[in-house]
Amino acid sequence: METQPDPITPNTTSEPIPHRVPEIASLGLDTLVTEVSERLQSAAAVTDRMQRLLEAVVSVGAGLDLHATLQRIATAAAELVDAKYAALGVVSPHADGLSDFIHVGIDDETAARIGELPTGRGILGVLIDHPESLRLTDLSADPRSTGFPPDHPPMKSFIGEPIRVRGEVFGNLYLTEKKTSSGAFTPEDAQVVHALAAAAGVAIENSRLYEEGRRRERWIAGASAVTTALLSTDRAQVALTVAAEQVRELADAALGMILLPTGDGQMRVAHASGEKAEFVRGELLPPSSFAAQLLQGESVYLDDMASDPDVVIRLAKLFGASMAVPMIAAGRVLGGLCVWRSQGAPPFTESEKQLAEAFASQSALALRLAEGQRDQQRLAVFQDRDRIARDLHDLVIQRLFATGMMLEGAARRALVPEVKTGIGKAVDELDATIQEVRTTIYALQHDDHGDEPDTLRTRVLREGSQAAAALGFKPSMTFTGPVESLVGEKSGRQLLAALREMLSNTARHARASRVGVEIDATVHLDAEGHPVSGDPDGYDRPGWPGVLLTVTDDGVGIPDGGRRSGLRNLTRRAETLGGAAWHEPGPDAKGTRVRWSARL
């Protein structure tokens, strides 16, 4: 039998089977290591970018000043995506285009050569019309692009991202020219800019709320200043002048005015502060203007008076946005606040309108309280006058009568003629004294010191009273002729402006102890605007009827070679009315006499 081999026993006679170890390259580990390394580098880059994004978010919200916040947003965006240029355009809330444009990367010299800042055309306008993220490889190749102005640096790659505040588009963030070799922005860059824009919206809202709070604080302080002025002085004119100055400054306007009703459906500019204030002070606003709406208790807002066909005030065409708010207290329109901004300035915002209305209400209430306070003071004065009048009538006059009767009795018994004559003279003096006392009693009972009509005479007196604070004393005032009826509104307005400038120059330079103001409406002027002379009075020869304003002081005079800008201003005003302005030494060669004339 043939013996079968044991299957368990190894075959010691066969060749050994070799053991092979696989090569690393055949397993693809080098590719895996490279991929892991790249992913680690990418993760590190993402971590670094996230860290930079967080730092940028913190930096953006570091301050509360709005303009500085916008500058930080543009700078942070450029650093995050390695952009050479960045800009932030603020969308105008009142019109198409941009109201502000903050740029980073272009120096001031280059910006000056480029000229005007962008207003929102081309690609910038696309983002305004369609506020969505936009990434372009070549900005100039886009058909919507309008090109660049001369001296503008070249720009190709582009990212645009809208910035929203409370769901509304506040502005757009623009980034151009990626600094890397590819020169193109990546989707990751767009995502980072999108995240930064969201954080920027929060920072902008915080800055706007802060500025709004500061603005309200200033308006409240201004209203408090007006209230204090109205309640702390008996002269409402001065307090309302303070109100005109306050409302102009608070509204960032060129001109602020206080309007008062005249009683015939018109309003008069009683007080004005700012640009061309001297030309509008005293101006009458007819019912065809916004005066009718103010008298009905309605506010009037105009975005641009220069282009508004309903504006009937010629001077208003030189200004831009306008705001007029009624001053209402106890259901009665006491006046109005009006402010005009320069041409090109932005219109008034809703917040500014609300603040102005609150300011007007507070001013009206203060004016009402001041009126009540003055009425109480006037009533106390009248009551005191009545008491004095009664005492004079019941006591003084009766005693004077008794004394006179005693003297008359003594005169009848007197034997010496000289004594009789002396007693008779004393009785006559007593009679004259009694007449003067009676006149005084009548004046005390009938002299009503209420508000005088606003004539040229009262306005001149008011100017003199206001100049007293700067001069240190009140100037004397003299009027010749029917000033109110002869001097028209235009000439009167220029005369008041000339008087104001003359008194101001005297207060600043003359160092005078006495100032006299004379207004003569009976003069006649020659062709050069000087009074026609020839008789002792000097002003009644034939010529053009005119008005002559003279301000005389006893100060140091005008030195040789001194500035003459004030005199040139006076001359320009006079020449527009066919008059002249000149100066000469005062009486006895002391001080200065300045004269200003105008045809009537």
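This is a predicted model: local features need pLDDT of at least 70, side-chain atom pairs count only at pLDDT 80 or more; totals for chains, interfaces and linings use all residues.
Local features need pLDDT of at least 70, side-chain atom pairs count only at pLDDT 80 or more, totals for chains, interfaces and linings use all residues, and side-chain values use heavy atoms, with hydrogens and water left out.

**Whole protein.** Show everything as a cartoon: there are 15 helices and 16 strands (DSSP runs numbered from the N terminus, helices being H or I of at least four residues and strands E of at least two). Colour by burial next, and 40% of the 600 residues come up as buried (under 20% relative accessible area, 1.4 Å probe, protein chains only).

**The sheet.** Now select β6 to β11. These six strands make an open antiparallel sheet, ordered β8-β7-β6-β11-β10-β9 (two strands pair if DSSP finds at least two bridges between them). At its edges lie β8 (284-285) and β9 (300-302), each pairing on one side only. Zoom in on β10 (residues 319-329) and β11 (residues 332-342), which share nine bridges in the antiparallel sense. Pick P326 there: its bridge partner in β11 is G336.

**The helix.** Finally, select α3 (residues 66-80). Its 15 residues should span 21 Å at 1.5 Å a residue, and its end C-alpha atoms agree, being 21 Å apart (the expected span is 1.5 Å times one less than the number of residues). Show side chains to find its buried residues, among them L66, L70, I73 and A77. Just past α3, stop at D82, where phi is positive, about 55°.

Methods
Residues are numbered from 1 along each chain as its sequence is written. Buried means under 20% relative accessible area, exposed over 50%, partly exposed in between (1.4 Å probe, protein chains only).
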